[in-house]
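Here are some notes to read beside the structure. Please keep the view open while you go through them.

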Amino acid sequence: MPIIQTKKLYKIYNEDTIPVYALKDLNLDFEVGEFTTIVGPSGSGKTTLLNMIGGLDVPTRGSVLVDGTDISTLKKNQVINFRLHHIGFVFQSYNLIPVLTALENVSLIMELQNREKKEIRERAIHVLEEVGLADKLNSRPSELSGGQQQRVAVARALASRPKYVLADEPTANLDSKSAMNLLDIMARLNKDESMTFIFSTHDQRVIERARRVVTLVDGALYEDLKKEG
Amino acid sequence: MITAGSVMFAVVLALTMESMNKGSHEQMISNTLRFGTGYLQIQDTAYYETPSLDFSFDLSGDLLQKLNSTLGNHAYAIPRIESFVLAAGELDTRGAIVTGIIPELEDRMNGFLKFVSQGNFTSLEEKGVFIGSGLAKRLTLNVKDTLVIIGQGFQGMQAAAKYPVLGFVSHPMEFIDNQMIYMHVKEAAWLFSLDQNRSHWLIMAENDKKAKEVKREFEKHLVGTGLTILHWEELQPDLVKALAFDSASGWVMQIILYVVIAFGIFGTILTMTLERQKEFAILVSLGMKRHILALQCFVETIMISFLGVFIGLGIGFPILLYFYFNPIPLRGGLSDLVKEYGMEPFLPFSMSPSIFLMQGIIMLILSLIITAYPVWRSFTFQILKNLRR
């Protein structure tokens with residue numbers, strides 16, 4: 001049973017003048033616990049697709065169904081609520097709040113969810129320990145390396161135990177060792193907590209670890225490869 | 001910090017301007033009250049139109065008792081005799097104004113002693129006069145010289161006498177310095193053949209509110225007496241108009257200042273908001289609702305404004321206090337101009353609590369209006385566009 005479905009999904013810019021198709025007639029299903037990469041050349045629509053699934057962007061035509069609900073029909077606050085409770089985002093450029101410490105950044109989503117302070121702190125510390133940043137709890141992003149910042153971003157995305165983690169080129173700015181560490185962490189969480197991971201990436205290392213590889217070209221589905229085992 | 005600093009400077013600037021404006025008004029009113037009309041005057045009903053000694057009156061007995069009981073501890077009454085005379089020294093004659101006073105009451109009313117440049121003011125109990133130093137210069141008179149006075153007394157009686165000059169009064173207000181002859185009110189009554197009559201009575205009160213209460217209370221007792229009690233605003237309608245005009249022009253200047261200040265604060269808020277667009281986009285993309293973000297912006301801006309306002313008030317207070325006790329002296333032509341209007345040549349500052357209250361409130365209202373921008377922005381910014389910044 002697919003939990004995320006895209007149906008005849010189109011994203012068209014400048015539709016009235018010179019249309020540019022960012023996504024074209026995309027029909028995809030994602031199952032619970034998938035570890036999927038979306039690949040393709042620059043401008044193929046990978047990030048746009050993730051933004052559509054995460055409710056950050058709205059389709060020109062077609063629909064995105066999450067747990068059977070078309071998220072483009074939801075009101076703005078419902079979409080934000082949906083993101084808050086179901087989705088963890090990992091952005092290519094980390095997107096940490098510069099004035100907050102690693103611990104505060106990771107706690108942020110749980111605070112928005114109005115969880116207990118004690119629970120927030122314990123969970124945030126636990127996840128930061130998981131990503132190997134136990135000694136950086138009180139460091140601000142400017143005091144961390146790129147790899148460490150990306151690990152904080154991953155910890156933030158995972159801390160609230162979302163159903164889906166959408167990661168936009170999470171290893172793009174990382175060295176080889178940091179990238180492998182990050183993939184190990186995400187693979188473990190995928191296995192242990194059954195979180196669904198959808199990555200957009202150019203990185204061969206990520207593609208090799210994925211169990212499904214969706215290839216987009218010019219916004220359209222080119223190949224959907226599911227690996228055995 | 002930049003926004004709070006901007007609000008702080010705005011508050012200090014607005015405070016200073018309003019304090020100067022109000023200070024000059026207070027000085028004008030104070031001079032008028034202390035050296036002219038008092039808060040209230042009891043007069044014959046005809047005296048205001050025709051200030052002649054023929055309309056002098058005897059305020060004694062039952063009416064004086066009623067007056068004293070109305071005044072209580074919050075006000076006091078000062079009998080006065082004032083009349084125009086010709087004053088002569090050995091060589092020259094000049095027009096002058098004889099003012100019959102009671103020295104200790106005069107000093108209580110306007111701190112007169114500090115303007116006495118020569119002579120012992122308490123000696124005014126004796127037969128003799130104190131004269132303005134300007135008048136003394138014009139008549140080439142020194143202390144112990146003789147001043148001759150010729151005028152018209154009560155109901156056509158001749159008022160002529162010779163008086164030794166006991167001392168000089170040097171006052172920055174030119175009409176006092178150049179025209180005034182002070183003698184004891186009893187001596188003035190003898191000179192003008194007034195017996196127990198006085199040309200008018202001044203009433204000084206703790207403040208204008210008390211004065212108005214006294215007027216309201218005492219005018220009941222004046223019905224049918226041929227006397228009236230007038231408030232200083234009735235006695236000085238031209239001053240009231242001048243103050244109203246000055247206030248209006250002051251307000252125009254204040255509004256211009258507020259517009260400049262508002263744009264200054266808006267500039268910093270605008271920069272702060274635009275610089276934080278990416279942060280806002282991250283927060284909303286992670287799940288913060290826009291109205292929560294708007295509320296956060298509102299609270300932040302208001303807190304920054306409060307901080308700026310309170311620091312501004314804190315810095316402004318000692319600055320104004322310093323200038324309140326050390327008013328800026330005016331020099332040159334401006335000094336002469338101010339003196340012509342009967343004011344001391346200083347740029348006075350006011351420490352009225354209403355200035356601090358009003359400027360604080362106005363700045364907070366301005367900040368509140370400006371807060372609309374980050375709030376509006378919180379509801380309308382595009383997430384994806386700002387995430388890519």
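The points below take up a helix, a surface patch and a single residue in a predicted model.

1. Start with helix H2 of chain B, which covers residues 61-71. Its buried residues are B:Leu63, B:Leu67, B:Thr70 and B:Leu71. Looking down the axis of H2(B), these buried residues fall within an arc of 95°, so they line one face of the helix. On the other side of H2(B), B:Gln65 and B:Ser69 are exposed.

2. What do the buried residues of H2(B) pack against? Their partners in chain B are strands E1 (40-44), E2 (75-88), E9 (200-205) and E10 (227-231), together with helix H7 (208-218). Just after H2(B) comes B:Gly72, which takes a positive phi of about 55°.

3. B:Leu295, B:Phe298, B:Val299, B:Met303 and B:Leu368 make a nonpolar patch of about 460 Å². Helix H11 of chain B (residues 290-325) gives the most to this patch, with four residues. B:Leu368 is found in helix H13 of chain B, residues 353-370. Its relative accessibility is 44%, so B:Leu368 counts as partly exposed, since that label covers values between 20% and 50%.

4. Is B:Thr37 buried or exposed? This residue lies in helix H1 of chain B, residues 2-37. At 5% relative accessibility, B:Thr37 counts as buried, because the limit is under 20%. Leaving aside neighbours within four places in sequence, B:Thr37 is in contact with B:Thr32, B:Leu202, B:Trp232, B:Leu235 and B:Gln236.

Notes
Residues numbered from 1 in each chain as written. Chains lettered and ligands numbered in written order. Predicted model: local features only at pLDDT ≥ 70, side-chain atom pairs only at ≥ 80, totals over all residues. Heavy atoms only, no water. Buried < 20%, exposed > 50% of the residue type's maximum accessible area, 1.4 Å probe, protein only. Helix = DSSP H or I, 4+ residues; strand = E, 2+ residues; numbered from the N terminus. Arc of directions from axis to C-beta. Contact = heavy atoms within 4.5 Å. Patch = residues over 30% accessible without salt bridge, like charges linked within 9 Å, V, L, I, M, F, W, Y side chains within 5 Å. Areas by Shrake-Rupley, 256 points an atom, 1.4 Å probe, with all protein chains shown as cover. Salt bridge = Lys/Arg side-chain N within 4 Å of Asp/Glu carboxyl O.
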